[in-house]
Amino acid sequence: MSSETTGFLEAVDLETLEAEGRELITKNGTAIALFYHDGEVRAVDNRCPHMGFPLAEGSVDDGILTCHWHHARFELSCGDTFDPWADDVRTYPVEVRDGTVYVDPNPPLEKAPAEHWADRLETGLEENLRLVIGKSTIGLLDAGVDYREPMATTLEFATRYREMGWSSGATILGCLANVVDDLEPEDRKRALYTGVRHVASDCAGEPPNFDQPSFSTSDVAFDRLKGWFRDCVEVRDADGAERCLRTAIAAGHTESEVAEIVFTGATDHPYLSTGHVLDFANTAFESLEHVDWAWDDGSADDASLAADVLASLVDPLVTAARSDERSSWRQPIDLVALLEDVYGGDVTETSGLEALAAEGEAAQEAGDGWEPPADFQDILLGDDPGAIVDALADAILAGATTEELAAAVTRAATTRVAQFGVANEFSDWNTVHHTFTYANAVHQSTRRTDAVALYRGVFDAALNVYLDRFLNTPPAPVSAPGENETGREPEDVLEELLDTFDREGGVNDAGRLVSEFFDCGGDPTELKRTLGHGLLREDAGFHTLQNVEAAFRQFDLLEGGASDLEGDASGPAVDERTRRMPFVATARYMAAHFPTRREAEQTFRIASRLNRGETIHEE
């Protein structure tokens, strides 16, 4: 048999290999460890698949090759590992001819890189292995796989293996998918790695989820299904609520209709679980868009992935803390009573809002649409909750849509973060943050469905802006446009902004530098990339990741550049101070929470270097 025709290359004298027990050779640029064990010749890649330590320096006993760095073990004949965190080592065919060992250094791959890394991604999720997740997410994107594929895998895992349903991990995954196009290519890998590792951590040690089936009928009227769902949520009946929701999806109801069911339930009580419930729901719908889980046209069944994702929202809904049961919403002013006067009954009612909206539609048809009064933001940021509620009700009467009102309230919530006073307790950053991300979620939800119930979300967000008023006492200054025009190059300002995140206490500096960046003619695209990099190199927590994503989305909406779910959108004209406010707010929030230990970044860099074939152990 000719070595030229088979791909086998001469490697080592058999007698030498028997005497030494192992030899390290290099063929066609590949370092191969040869072993003589139990009368057989074996060849494996010399790089340990875990962290690249030379396996030729390992030990062989009883058919097991053990790496001496982290003690990963491999079945010598096939290369399969005993340890899921290590991965299998590649083996090479060998032949012995006339006392000489030949090896084929280029055998066909058993799996294409994309398939291999997809398998490893599942292992990383199942075992909650950060390094495996890092290597697999990087490997998938390097292999040309669209981020939506591993996102779909991770999203399905998040809904299947966490009995308590949708949580922060899945929300982080969805938030980062929303900003992935704003990031540098390398930071897109960081974003996917961050989302996947948070899902794995969320699901680690948790019992799996077991689905409730839909009802065996598609004939239940939509309003009745919505009513059943709300009733089940009200009495915290998770099983009943899930069956109603799955039935709505299986019956072929549109995305807007299913969103109406979910968002109505999520606003039946004000500000559920400090806003997380509605935010979770909005992100779940956004995540479905990313992974191309199209809405069915009546052919859906209980196995629908969309149904699994949305059903995972039920547990957070039925277990949510209800703000109308909190003293801050009842004393010293009964905010709930103010809302009930508008709603036409208790907080679960919408009849009063429906009447206002009907008059508002007539006003819209008769005029040019609603424009916020000149003092509208001042009222929203004021200290009179009755005036806030009246202003919102008057706006509905004047024809303001849920989306228009949500946009205005989100502007006020953004201001609370941008002007958060650093004399407050550190934990109060999250108080203004929760209001901001809740308002953003309401805003995004209104662009998905025009359900009247979402007016309640607008009122809830506005009253929470009111409750946060003392956290702007005194308000941190926000530079007026042009005030920080230093003539510096914008890229120098961004470099200083990143440096600000490297030290504690740079909160006000971060806000000032954002203003300077705009005053110096900086491109918002570059600012997004810088903020994204600053975020993803840190061990950023759930809230910080949420905050940056919400700021990006709000800036895009203010710019009028975001695509409307129903068609083309051109946002209303806004003044320059308002335009830059989301970035000022999130830069200050980031600076308050950075720097961190950057443990996740260290793992990411190790994974990147290993995938490039670099040597880690020699440093």
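# Briefing on a predicted protein chain

Among contacts between residues at least 6 apart in the sequence of the protein chain, 72% connect residues at least 24 apart. The model is predicted, and the chain has an average pLDDT of 93, with 95% of its residues scoring at least 70. The chain contains 26 helices and nine strands. Of its 619 residues, 56% are buried. Taken along the principal axes, the box filled by the C-alpha atoms is roughly 95 × 70 × 40 Å.

**Helix pair α3 and α4**

- Helix α3 covers residues 113-127 and helix α4 covers residues 130-142; their axes come within 8 Å and cross at roughly 150°.
- An angle over 145 degrees counts as roughly antiparallel, and α3 and α4 are therefore roughly antiparallel to each other.
- The two helices, α3 and α4, cross in a left-handed sense.
- On the α3 side the contact is made by Ala114, Trp117, Ala118, Arg120, Leu121, Gly124 and Leu125, which meet Val132, Ile133, Lys135, Ser136, Thr137, Gly139 and Leu140 of α4.
- Sorted by class, the residues in the contact of α3 with α4 are eight nonpolar, four polar and two charged.

**Helix pair α6 and α7**

- Helix α6 (residues 168-179) packs with helix α7 (residues 185-203) at an angle of about 170°, and their axes are 7 Å apart.
- That angle makes α6 roughly antiparallel to α7.
- The crossing of α6 and α7 is left-handed.
- From α6, the residues Ser168, Gly169, Ala170, Ile172, Leu173 and Leu176 meet Ala191, Thr194, Gly195, Val196, His198, Val199 and Asp202 from α7.
- The contact of α6 with α7 comprises seven nonpolar residues, five polar residues and one charged residue.

**Thr410 in helix α18**

- Thr410 is part of helix α18, which spans residues 402-418.
- Thr410 counts as buried because its relative accessibility is 0%, and the cut-off for buried is under 20%.
- Beyond its neighbours within four places in sequence, Thr410 contacts Phe436, Ala439, Asn440, His443 and Gln554.

**The loop between α20 and α21**

- Asn472 is located in the loop between α20 and α21.
- With a relative accessible area of 7%, Asn472 is buried.
- Not counting residues up to four places away in sequence, Asn472 touches Thr415, Arg416, Gln419 and Phe420.
- Pro474 is placed in the loop between α20 (454-467) and α21 (490-500).
- The peptide bond leading from Thr473 to Pro474 is cis, and its omega is near -10°.

**Backbone geometry**

- Most peptide bonds are trans, and most residues other than glycine have a negative phi.
- A cis peptide bond joins Phe594 to Pro595, with omega near 0°.
- Pro595 sits in the loop between α25 (576-593) and α26 (599-611).
- Asn28 is a residue other than glycine with a positive phi, near 50°.
- The position of Asn28 is in the loop between β2 (22-27) and β3 (30-37).
- Asn28 is exposed because its relative accessible area is 57%, and exposed means over 50%.
- Ser273 is a residue other than glycine, and its phi is positive, near 50°.
- The loop between α10 (255-266) and α11 (276-290) holds Ser273.
- Ser273 counts as partly exposed, as its relative accessibility is 22%.

Technical notes: Residues are numbered from 1 along each chain as its sequence is written. This is a predicted model: local features need pLDDT of at least 70, side-chain atom pairs count only at pLDDT 80 or more; totals for chains, interfaces and linings use all residues. Side-chain values use heavy atoms; hydrogens and water are left out. Helices (H or I, at least four residues) and strands (E, at least two) are DSSP runs, numbered from the N terminus. Buried means under 20% relative accessible area, exposed over 50%, partly exposed in between (1.4 Å probe, protein chains only). Contact means heavy atoms within 4.5 Å. Axes are lines fitted to C-alpha atoms, for helices over the stretch in contact, and angles run from 0 to 180 degrees between N-to-C directions. Angles under 35 degrees count as roughly parallel, over 145 as roughly antiparallel, 65 to 115 as roughly perpendicular and the rest as oblique. A crossing is left-handed if the near helix is turned anticlockwise from the far one by less than a right angle, and right-handed if clockwise. Ala, Val, Leu, Ile, Met, Phe, Trp, Tyr, Cys and Pro count as nonpolar, Asp, Glu, Lys and Arg as charged, and the others, Gly among them, as polar. pLDDT is the predictor's confidence in each residue, from 0 to 100.
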